[in-house]
Amino acid sequence: MIRSAMKLFITLLFLGYMVLWIMMPTKLYFEHWLPEIRAKTKSIYFGRQGATMLMYTFPILFIATMGCIYLHLGKKYVDDHNVDRTVPTSRFHTLKQPVIVKGPLGIVSWMELSFLTMFVVLLAWSTASYLNRMFVHIDQMAAKSGLLVWEAKLEMSGLTLGLVGNICLAFLFFPVTRGSSVLRLIGLTSEASIKYHIWLGHIAMTIFTAHGLCYLIFWAKTDQMSEVLKWDKVGVSNVAGEIALLSGLAMWASSLPQIRRKIFELFYYTHHLYILFVVFFVFHVGFSYACIMLPGFYLFLIDRCLRFLQSQQRVRLVSARILPCETVELNFSKSPELSYIPTSIVFVNVPSISKLQWHPFTITSSSNMNPDKLSIVIKSEGRWSSELYQKLSSPSPMDRFEVSIEGPYGPASTHFLRHDTLVMLSGGSGITPFISIIRELLFKANNRSDRIPKILLVCAFKKSVDLTMLDLLLPVSGTTVDNSCLQLQIEAYVTREKEPTTYHTEPLQTVWFKPDALDVPVSAILGPNSWLWLGVIVSSSFIIFLLLIGTLTRFYIYPIDHNSDMIYASSARAALNMSLVCIAIAMTATSAFLWNKKQYGKGITRIQNMDSPPTTSPAWFNNGDRELESLPHQSLLQSTKFHYGERPDLKKILFECKGSGVGVVVSGPREMRQEVAAICYSGLADNLRFESIGFTW
């Protein structure tokens, strides 16, 4: 009841927030609403920015805080009542199904298309409203300024484009805030929302580029090119805007698919220019106006600070399984209190390869089956992963391997149990998300807790040596499971070889690493009550910021400026505000992190002492008997049918699936995901329920 009331209140508050964006370009807003709100909120503590923070910053941060409490209560209810986190069939299920399967936008559902359409309509409405209001008296304004009418219209068009681009910027950082309560409230994860960040980025940079070109042409035609180098003490700074635009253009160019996929390092490092972009954007427009775009970036900063604190810890790497197909499985020690859902991901950093690069990998272990271990699988496909494989597979491996982890991040619940049959289609390393799903379903089948669907795994590999990845479907030895409880059928395709090779004669190698006193198990950055602590950080940091800026304004800025915004330098005010935001966030996030580290430090030490490799291999390198010969792996082999020299006939496989509810999950190359989506919604079968898992954008 409490959670339902909270959800209703949050929904109403968000609708009110969106009404502000709709009304913002109107005459009613500018001539009546805004002056009245400013008159009532203007004070010696916050000045003009008080009204902007109240209307645009406070609602979203309040929603984020309420969302944290809502999610904490939900998690507490699940834990207390041992409720399975399975999503029932949704009445909005049809809206989540693809309507566009090919094209520059990728696979787009009806719901995504609806919201994208509404967003484009908002941009069009705002553009038309601003231009209509600015062009009403354009003739008189042009005559007064000594301009031609078309020149005055060009200047106003540039201003309009800047105002409309800010709408995109206001929402740009929400999708990349990995631990966001706002995303979780609407059922999204950050990795699934990356495409929205890409869409918004393309739209924003197109508009901002047009904004800059309009002013450059205007200045050139009116002999005012000196404006390019203008940085006024108060008001808009042209130089800052140009620096922000150039930073944005560099990020935009390097994020194009042709560059991002071929030269990932260039894309990765160039994208750190977002710091310059945001800082100089604030200098360009002033902090008071930037408060309109502040909420998304504020939540991103909190998330980034927490990720930084977590990344400074070295996690306990217990072992690594080396596969002949240039693939490694890393097994980490994990805090038993940490639970995650299948298909969750972690970001991994190996300082000995690169201190700056972080790469996402799907967790392949089940937190229920292996409460003290977390596993990921990494296939050698790029420069970073190839160097990792070479280090771990060298004849004389190191005794210790430093690794840092951010996460895990993932969905709040699963929906796999709602289907009668679950068909999982993978290409190459796309099989890794399915490893965690199969392990989780295997655990549930052994505990007889739920009705488990029939599982059909169709996996395609280039070479027969890649079939060794199927060995990872079962956890490392030591976990007692009964495979017969799970109705699992595997169809394995080798596309580039017409007959099996002798891959099976090569033993799996296991490298064990020595423990270190400084290593810690993988755990939630803010402990078991992470959502509650995140709510505390969001709310308390904003309160501290208000206290700091209020005190500074009252006793330093106000005696100089007297709320005129014409004496105290805008850039100095912006710099002070940005600094105080960072200080407030750093203080609260660090305090929460250290408090939780102290509270759960004893448990972490106990886990460290329990983790020790076997003593059978003094060199910590074990080539032992291949685990496929164990009884569980023999059972897995019997469930597998191999096909050589052919590709899976996806249409035939899917249309032969019977039952009222067939879940179809695909993970692999973009072309494969699009083909499966087209089959599922060709109209030839109405029992297929499509879902895509992909990390290539």
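**View A. An open sheet of three strands in the predicted model**. The strands follow the order β6-β5-β8, and their pairing is antiparallel. Strands β6 (359-362) and β8 (404-409) form the edges, each pairing on one side only. From one strand to the next, the twist averages 25°. Strand β5 (residues 345-349) is joined to β8 by four bridges, and Ile-345 stands opposite Tyr-409 in β8.

**View B. Salt bridge between Arg-178 and Glu-406**. The closest N and O atoms of Arg-178 and Glu-406 are 2.8 Å apart. Arg-178 lies in the loop between α6 (149-172) and α7 (181-185) and Glu-406 in strand β8, so this pair ties together parts that are 228 residues apart in sequence. Glu-406 has a relative accessible area of 2% and is therefore buried.

**View C. Salt bridge between Asp-466 and Lys-379**. Here the closest N and O atoms are 3.3 Å apart. The pair links distant parts of the chain, 87 residues apart: Asp-466 is in the loop between β10 (454-461) and β11 (488-494), and Lys-379 is in strand β7 (residues 373-379). Asp-466 is buried at 10% relative accessibility, and Lys-379 is buried at 19%.

**View D. Salt bridge between Arg-400 and Asp-519**. The side chains of Arg-400 and Asp-519 meet at 2.6 Å, N to O. Arg-400, in the loop between α15 (383-393) and β8, is linked to Asp-519, in the loop between β12 (509-512) and α17 (530-561), 119 residues apart. Arg-400 is partly exposed, with a relative accessible area of 27%, whereas Asp-519 is buried, at 3%. Both residues belong to a network of salt bridges that links Arg-314, Arg-400, Glu-402, Asp-516 and Asp-519.

Definitions and conventions
Residues numbered from 1 in each chain as written. Predicted model: local features only at pLDDT ≥ 70, side-chain atom pairs only at ≥ 80, totals over all residues. Heavy atoms only, no water. Pairing = 2+ DSSP bridges. Helix = DSSP H or I, 4+ residues; strand = E, 2+ residues; numbered from the N terminus. Axes fitted to C-alpha atoms, helices over the stretch in contact; angles between N-to-C directions. Salt bridge = Lys/Arg side-chain N within 4 Å of Asp/Glu carboxyl O. Buried < 20%, exposed > 50% of the residue type's maximum accessible area, 1.4 Å probe, protein only.
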